[in-house]
Amino acid sequence: MLASVLIVVLAAVGLAVVRPGPVAGWLGSEAVAPAASAQAPEPDPPAVLAGPDPNAPVPSADGVRAALDPLVRAAALGDRVNVSVADVTTGKALYGSGQDAPTVPASVTKLATAVTVLAARGPAYRIPTRAVAGATPGEVVIVGGGDPTLAVDKNGFYPGAARLDDLAAQVRKALGGTAPTRVIVDSSLFSGPVYEPGWDDDIPTGGFGAPITALMTDGARRDAEAARKNFDDTHGAAERVSQPDLTAGRQFARLLGLSGDAAEVKRGSAPAASGASAAAGAPGTELGKVQSLPMVRLVDIMISDSDNVIAETLARQVALARNKPASFVGGAAATDAVIGELGLPADEISLADGSGLSRTNRISPSLLTDLITLAGNGSHPELAAIFGGLPVGGWSGTLDDRYQAAVTKAGAGVVRAKTGTLSRVNAIAGLVTTADGRLLTFAVLTDQAPEGTLDATRQALDRITSALAGCGCR
């Protein structure tokens, strides 16, 4: 499966992309039986982004400047607009305006998180959630490994996710005749505050963020099934629980058959295992383990849904891979380190989180285009997985309802990008195929947009990328 996914996303370096099937089919691992119908089957979907012509001419810097200069000065973009455009194959810079200036990136931060976690963990890595024997007979310790997609059962928010009911079944089998007596929650893998201090005050209650803990179910959503059904209407916002690790522990206790006072849980630490020769059920003995979707698919979901909770847990995976504390600070430091390991200018990024919710984050547009170029030029094939989840202009994700106006329709279907939005902050970074078939990367960031002009600002950004799509720029 992973090889197939990588073949697809490597083809996405050429960006031959077809529309995926239903979410449960393309995110989940379970086969979905087609509904009975008397209607003829739908035809195969057309390609959304055609593969670029390897012989297509490279735009000239003068041509790109002539196309973009008038658009970059649009009033709706505000007083500070920083732009970088480059050719993916050669890495040649084609346009720059404040391209090296640190700018508030909002959710395009997730591109840096995606690249660094794929570099640090690899596309096939899966995040474990374990259960071990506690200090007394029947005591079970559930050990969070940082999987934000962990589900309680088949009705979880993320299709194909690891499930607590599977883990509970393993534990009951491992315990044999010993009945579970209580559950201890070990969420100590993550450290530091559960909210980043630079987040706006409404993030904890607005439904797009949550306390970041090493154990949680369904991205800390209070009602996973309702959140899934209402996803389009709410744009992904959902009520989150205040203590995700304890909530997950209580859910696990109920699955083990505990009730009443016995179903109450507390935080603690898993005992150290005594060694391979320890008797079954001895303190620290592993009783069961489930694993997340592969990293390549977690990255897809993070980017396509702009999932902030997944982003924060993946930044902590970068930290763990580089032996740093799994915290906001550790994740930011590890991201910076991996950027440097990849040969990119780490002095052009300064992060406080992995999602882009913090207004103290800074990334230069040129570093974003460098990251995309590195992922797309074939030198690091494991990084090409970032392209699978990028929304497509006028078709999917956060670009679904954009590129509809006459002045931007050239970008529909040929712009694939991550967007970012905070109040007065708007950003877009990704890929576009020119009219001549050349694949370019771009990043446009503005962090001083006028108040109350969100729609106009987004259209101004889309006009810039549509101009690249509609011209050869030679």
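Student: Which side chain has a polar atom 3.2 Å from the backbone nitrogen of Val309?
Tutor: That is the side chain of Asp307. A polar contact is a pair of N or O atoms within 3.5 Å; within protein, one must be able to donate a hydrogen and the other to accept it, and residues adjacent in sequence count only if both atoms are side-chain atoms. Please note that this is a predicted model, in which local features need pLDDT of at least 70, side-chain atom pairs count only at pLDDT 80 or more, and totals for chains, interfaces and linings use all residues. Residues are numbered from 1 along each chain as its sequence is written, and side-chain values use heavy atoms, with hydrogens and water left out.
Student: Where does Asp307 lie?
Tutor: Asp307 is in the loop between α9 (295-305) and α10 (308-321). Helices (H or I, at least four residues) and strands (E, at least two) are DSSP runs, numbered from the N terminus.
Student: Is Asp307 buried or exposed?
Tutor: Asp307 counts as buried because its relative accessibility is 6%. Buried means under 20% relative accessible area, exposed over 50%, and partly exposed in between (1.4 Å probe, protein chains only).
Student: Which residues does Asp307 touch, beyond four places in sequence?
Tutor: Asp307 touches Lys110, Tyr158, Arg221, Ile301 and Met302. Contact means heavy atoms within 4.5 Å.
Student: Turning to Asn361, which side chain does it join through a polar contact of 2.7 Å?
Tutor: The partner is the side chain of Asp353. Asn361 is in the loop between β10 (349-350) and β11 (362-363), and it is buried, with a relative accessible area of 0%. Beyond four places in sequence, its contacts include Thr103, Val104, Pro105 and Thr109. The C-alpha atoms of Asn361 and Ala106 are 7.7 Å apart, although 255 residues separate the two along the chain.
Student: A change of topic: what is the strand order of the five-stranded open sheet?
Tutor: The order is β8-β7-β6-β5-β9, with mixed pairing. Two strands pair if DSSP finds at least two bridges between them.
Student: How many bridges join β5 to β9?
Tutor: Five bridges join β5 (residues 128-133) to β9, and the two strands run antiparallel. Within this pair, Ala131 has Gly288 of β9 as its bridge partner.
Student: Which strands does helix α5 touch?
Tutor: Helix α5 (residues 164-175) packs on the sheet and touches β5, β6 (139-143) and β9, its direction making about 160° with that of β9. Axes are lines fitted to C-alpha atoms, for helices over the stretch in contact, and angles run from 0 to 180 degrees between N-to-C directions. Helix α8 (residues 244-255) lies across β5, β6, β7 (182-186) and β8, at about 150° to β7.
Student: Which cysteines does the disulfide join?
Tutor: The disulfide joins Cys471 to Cys473, with an S to S distance of 1.7 Å. A disulfide here is a pair of cysteine sulfur atoms within 2.5 Å. Cys471 is buried at 18% relative accessible area, and Cys473 is buried at 7%.
Student: Finally, what is the mean pLDDT of the protein chain?
Tutor: The mean is 89, and 88% of the residues reach 70 or more. pLDDT is the predictor's confidence in each residue, from 0 to 100. Over residues 1-39 pLDDT stays under 50, as it does over residues 45-49.
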